[in-house]
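Subject: Structure handover

Hello,

Please find the structure below. My notes on it follow.

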Amino acid sequence: MWFTKSKDEVIKDLQVNTIQGLSTQEAKERLSRYGENKLATQKNRSLLQLFFAQLNDAMIYVLLGAALISAILGELSDAIIIAVVILINAVVGLIQEYRAEQALEALKKLSTPKSIVKRDGKILEIPSEEVVPGDIVIIDAGRYIPCDLRLIETVNLQIDESALTGESVPVDKNADLILETLDTPLGDQKNMAFMSTFATYGRGVGVAVATGMKTEIGKIAKMLEETDTEQTPLQKKLTELSKILGFAALGISIAMFLVGILQGRPLFEMFFTAISLAVAAIPEGLPAIVTIVLAMGVQRMVKKHAIIRKLPAVETLGSVNIICSDKTGTLTQNKMTVVKFYADNAFGDVDSLNINNPAHKLLLESLVLCNDATYSQESKTGDPTETALLEMGAKFNIFKTAFEEQHPRVNEVPFDSDRKLMSTVNKYDNEYLVFTKGAPDNLLKICNNAFVNGEIVPLTQEIIDNIMDKVNSMSQDALRVLGAAFKKIDSPHGDIDKLETDLTFIGLIGMIDPPRLEVKDSISLCKQAGIKTIMITGDHKNTAFAIAKELGITDDPSQVISGVELDKLTEEELISKIDNLRVFARVSPEHKVKIVRALKAKDNIVAMTGDGVNDAPSLKAADIGIAMGITGTDVAKGASDMVLTDDNFSTIVSAVEEGRNIYNNIKKSIVFLLSCNIGEIITLFFAILFGWATPLKPIHILWVNLITDTFPALSLGVEPGDKDVMKEKPRNPNHSLFAGGTGVSLILNGALIGLVTLTAFVIGARVYTGTTNLFPIFPANISDDALTHAQTMAFVVLSVSQLIHSLNMRHPTKSIFQVGWFTNKYLIASILFGIFLQEIVITVPFLRNVFGVFDLRLYDWSIVVLLSIVPLVVNEIVKIFIRHKVS
């Protein structure tokens, strides 16, 4: 570990002269040995590979089998229809996934294009890709770090590591530091600088100790590369369903074939009937409908400031029961803000600061003038801490640019990480004021007076104790505390060392990266919805706990754990303790992945939010990764499933609500389609069992499955959301699609549809053969014309009854009169359109010939209507009893 070694040891190990740097020849040899300083990326899949990936699905295999058999039997129209459905599904999936896996490419772009190094005793600017281990790298403010460095020289160097560690405050670096603990977190390795972090202040020199994939960023890239993409709960359920349907179709077909053979029916006829039954058992439109309903959900999510990158993520949101949130920029504003002050014995929120009080006003002036940052409404530059001070001044109409023109800086003592102080000398009329700001304990050592009630009084022990009491109070609230002092001098020139002596203490300010205003309510709503919020951050424990307490995540310190403590736990120990932990502080990217995996091991559905490079592996490891759209890095966005365009934690809650409703709607569509298919199976199976003619042709079943049922299924997919959905607990992802009585309802409704279809088939046959005898129920030796009329009756009743049945699916217990007939206008339009299409099929001569049907008379239509509304009437009666039982 380089951070445990001294500068001399590092230089010796890497065999480099700090004055000369590497020679050109040595640099070439090392470049050949270690490779270029860039991140390796996986080869992108071609469009063809992506297309075939869409076909790797159990349901698609079943459909391909059905299409192949249809083609072999000469039913080309059936085969073509199924092939078109498969193609549509594959194309929709292809469009959604194209350009989806860009995380590693984005990581690669984070590398800085140029670096300053010493080579052959000269300072050179070279492409960052050419930096090799052992290179002496020069760092100055405003420059990105090109690789991992062991610092060998630092002058007030501060580096913003928020993208890597999640810590919002720039880190003071110290080249002379030697760390003894091997498990020191990244954020505490103050003698190191890491690839793609940013120098905000000071300057330094470092030795390159790791390049390319060996860097900390490279480790993240490798973790992204190794993370497997898991199926969502719905995908798993659909895969299981596909297998069940495939085996069921095969089993029913074989059973039907054997029954027919035993009845003495022709072999070819029974083979063809068995295939018809197999087609009836498979909801051909299901994959496309699920994909399209998810795609429509994506469009609705965009309006709620959430961009879904991967379709199944919409559904996964609905089952989320844990949200792991990064603190910086997600729960907080990622902006240091002054929140408290102490001056002239007044202690409180910064908004209560009185500009008319001389001490208060002097505190503001000192912090604005003793400041190297710039701030305006349009832009701000410099250290985030100093920017926060300027923003505080702007609230009270003290603007640095204008104020510095009145009181120009004539001398200064720059900030020094050893002194932890900064001083400026500013002209006030005919005299000069020294302003000093810095760490309160260091500042008090050089003060001998205090500014109280407009007067300068001696700094007594009582005053010092009072000041330190306020410092401790703010520190306990995880505030970063700065003190300010001043003194008057006659001349700005002279010994600089004497400027920071005999100062008069003015006051204190406390700052923090504050929580987002709306987040507390969102977390409260999550609790109500049975969703646990967990904070994961690179900040220290006290800072993390203070924010977590304010947001209502936890008020128990025992529920907070640090990365160092986490390292001491085995995977099994972490899994056993994970249910009682709410805050993870001072963690590394590896820790975040470990936490997500431990939560998933307890059968949780985990959402992970984040915006930094350090969040990318855990975003990918989670069931659903949620990246911030404004502050998020390209890496985080590339690894995520969803991107928030407003960086608002509250948007996640809206997205979860939408996800729950979308899942419910998809479930309605699936159950509707399956109940319709069961109706078709029962129709065919019992007709053959009773020795009747085949009531439905394969093309009839395909038409109903792909055309008639599709529009209501899609309309159920856009059913208005349940207003009380967030009052329910998250659904158990292990529960079946058919849990809670859904399976029983599905089978009973399927049986009902099958019964009315068989009834229509029998009525059609008896009417057109003029049969009046009760037995046989189905006429023997029926003519071809009479059979066609009977099949047409069965075909139309099957179609229309399924259309009407879609109204039953809108709510499991509420009557259609309670739900409202026209609250889903798309469904009503689908039903009417379906009936219209059915009329077209049996009236247009060309289509009549293709489908082998006859035009129905008015009497026939009256029978169709009466039979088709039976499922609706029966369900309305059943729902009355269900509501009565519940109440």
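Ser-196 is buried, at a relative accessible area of 11% (buried means under 20% relative accessible area, exposed over 50%, partly exposed in between, with a 1.4 Å probe and protein chains only). The residue sits in the loop between strand 6 (192-193) and strand 7 (198-210); helices (H or I, at least four residues) and strands (E, at least two) are DSSP runs, numbered from the N terminus. Ser-196 is not a glycine, yet its phi is positive, about 75°. Most residues other than glycine have a negative phi.

On provenance: this is a predicted model, in which local features need pLDDT of at least 70 and side-chain atom pairs count only at pLDDT 80 or more, while totals for chains, interfaces and linings use all residues. Residues are numbered from 1 along each chain as its sequence is written, and side-chain values use heavy atoms, with hydrogens and water left out.

Asn-345 also has a positive phi, near 65°, and is a residue other than glycine. Asn-345 lies in the loop between strand 10 (337-343) and strand 11 (346-349), and counts as exposed at 54% relative accessibility.

Ser-32, in helix 2 (residues 24-34), is exposed, with a relative accessible area of 65%. From Ser-32 to Ile-322 the separation is 290 residues in sequence and 47 Å in space, C-alpha to C-alpha.

Next, a helix pair. Two packed helices are described by the angle between their axes and the distance between the axes. For helix 27 (residues 698-708) and helix 32 (residues 825-843), the axes come within 11 Å and cross at roughly 145°. Axes are lines fitted to C-alpha atoms, for helices over the stretch in contact, and angles run from 0 to 180 degrees between N-to-C directions. On the helix 27 side, Trp-703, Ile-707 and Thr-708 meet Leu-837, Gln-838 and Val-841 of helix 32, contact being heavy atoms within 4.5 Å.

Last, the surface. Val-865, Ile-869, Val-873, Ile-877, Ile-880 and Phe-881 make a nonpolar patch of about 550 Å². Patch residues have over 30% relative accessible area and no salt bridge, and nonpolar side chains (Val, Leu, Ile, Met, Phe, Trp, Tyr) are joined within 5 Å, like charges within 9 Å. A salt bridge is a side-chain nitrogen of Lys or Arg within 4 Å of a carboxyl oxygen of Asp or Glu. Areas come from the Shrake-Rupley method with a 1.4 Å probe; for residues, only the protein chains shown count as cover. Helix 35 (residues 870-886) gives the largest share of the patch, four residues. Phe-881 is in helix 35 and is exposed at 60% relative accessible area.

Regards
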